Amino acid sequence: MHPNMHKYREASRQVHKIWSDYTDLCEYVSLDEGFMDVTGSEHLFGGAGEIGHEIKRRTLENVGLTCSVGLGFSMMSSKLASEEDKPDGFFEIPTPQALRDLIIDRSVRTIYGVGAKTADELQRIGITTVRHIYGNTQGVVALLGNHGRQIIELADGIDHRRVTPSSEAKSIGTEQTFQKDTKDFAYLQDVLLLTAQKLSFDVKLKGIYAHTITLKITYADMKSVTRSKSGNATNNARIIYETAAALLDKIERRPIRLIGITLSNFTTSPAMQMSLFDTSEDEQKNKLDDAMLELQKKYGRGIVKTASVLGAEKRIGESDDCSLL
């Protein structure tokens, strides 16, 4: 299969626009999934159920896609509800008791935060279903400590998490793991350049700017280090790259397994607005950036590439490690 990410993002954008008509409390988990808190919108639109059905109708009519809607009293319950009646489903878990009745005989992995490793640990003390959690809460806590207490609460319908608008995400990052360790710092700089381009596009789409740029390195012995620099808010790929590359220059030079950049400390305002002191060259660069972003939105991130990006892609393509391609 050859995915068309431009089409996926465009459909996602249209669906997100429909959501935003009902609340600004939307947390996007992926291109095709997310949470909405409509508590403050019910008096305007007639209740959560009515909002859910209206979203399904508009998504089909306006975007040409079906969707599944889950209503719940908490984030975990709404997530479970959204999976109960797929495809094109609608399901509601209105109370903690309804949640308990639904999941009591299901695998412990039904509980948010219980992955394969935790499930294996629980199985060693005879706990494989949610019913077993209810019957041995002391054993769960003894085995897993605070994590065990959280699992018990979630199984009981207690979920303190709140929907956090995606624009308020604490960080956005991308990492690259190499097929074999490398000491080629010129190659690593090329990787950082392409990573910075991707992150710049991602944050520009969200309309946000990062004050903090963090470089992450994992060495061949699996020791990880991070180096950060904070300054004026930016979403400019060149600045992101140059900052990360400068941080790379300061680390110990030995074989590296993974490299990545993370952006954080976000704001919706750039470092500075255009002023009387901006030069015509600065203005032209800003206009060029805006034009490039519009082209990328329409045709995909790879439609416009600078000479430096093309050079980095060529050098990475010629290397033995092609994990980025």
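Which residues have the most contacts inside the largest nonpolar core? In this predicted model, they are Ile217, Leu248, Ile259, Ile261 and Leu263, and the core they belong to has 30 residues. Several elements build this core: β5, α10 (185–206), β6, α11 (237–249) and β8 (256–267) each supply at least two residues. Among the contributors, α10 gives the most, with nine residues.

Setting aside its neighbours within four places in sequence, Ile259 is in contact with Thr174, Glu175, Gln176, Phe178, Leu188, Val191, Leu192, Leu215, Lys216, Ile217 and Leu248. Two of these partners, Ile217 and Leu248, are also listed with Ile259 among the residues with the most contacts inside the core. There is also a second, separate core, made of 20 residues, and it includes Val140, Leu144, Ile152 and Leu154.

**The protein as a whole**

Stepping back, the secondary structure comes to 13 helices and eight strands. The protein has 325 residues, and 38% of them count as buried. If you take the contacts between residues at least 6 apart in sequence, 60% join residues at least 24 apart. The accessible surface comes to about 18700 Å², and 51% of that belongs to carbon and sulfur atoms.

**Around Asp159**

Now to a single side chain that is worth a visit. Asp159 is found in the loop between α9 (146–155) and β5 (171–182). Is Asp159 buried or exposed? Asp159 counts as buried because its relative accessibility is 11%, and the cut-off for buried is under 20%. A polar atom of the Asp159 side chain lies 3.0 Å from the backbone nitrogen of Met76. The side chain of Asp159 is also joined to that of Arg161 by a polar contact of 2.9 Å. Beyond its neighbours within four places in sequence, Asp159 is in contact with Ser74, Met75, Met76 and Leu154. Leu154, one of these partners, is included in the second core.

Most residues other than glycine have a negative phi, and most peptide bonds are trans.

| Residue | Phi | Relative accessibility |
|---|---|---|
| Asp88 | about 55° | 43% |
| Met222 | about 70° | 52% |

Asp88 lies in the loop between α4 and β4, and counts as partly exposed because its relative accessibility is 43%. Met222 is found in the loop between β6 (209–219) and β7 (224–234). At 52% relative accessibility, Met222 counts as exposed, since the cut-off for exposed is over 50%.

The loop that holds Asp88 has another feature to look at. Where is Pro87 placed? Pro87 is in the loop between α4 (75–82) and β4 (90–93). The peptide bond leading from Lys86 to Pro87 is cis, with omega near -5°.

**A nonpolar patch on the surface**

Finally, turn the model to bring helix α1 into view. Which residues form a nonpolar patch on the surface with about 260 Å² of accessible area together? They are Met5, Tyr8 and Leu31. Met5 lies in helix α1, which covers residues 5–20. Met5 counts as partly exposed because its relative accessibility is 34%.

Technical notes:
Residues are numbered from 1 along each chain as its sequence is written. This is a predicted model: local features need pLDDT of at least 70, side-chain atom pairs count only at pLDDT 80 or more; totals for chains, interfaces and linings use all residues. Side-chain values use heavy atoms; hydrogens and water are left out. Helices (H or I, at least four residues) and strands (E, at least two) are DSSP runs, numbered from the N terminus. Buried means under 20% relative accessible area, exposed over 50%, partly exposed in between (1.4 Å probe, protein chains only). A polar contact is a pair of N or O atoms within 3.5 Å; within protein, one must be able to donate a hydrogen and the other to accept it, and residues adjacent in sequence count only if both atoms are side-chain atoms. Contact means heavy atoms within 4.5 Å. Patches are made of residues with over 30% relative accessible area and no salt bridge: like charges are joined within 9 Å, nonpolar side chains (Val, Leu, Ile, Met, Phe, Trp, Tyr) within 5 Å. Accessible areas come from the Shrake-Rupley method with a 1.4 Å probe; for residues, only the protein chains shown count as cover. A salt bridge is a side-chain nitrogen of Lys or Arg within 4 Å of a carboxyl oxygen of Asp or Glu. A nonpolar core is a set of buried Ala, Val, Leu, Ile, Met, Phe, Trp, Tyr and Cys residues joined through side-chain atoms within 4.5 Å.
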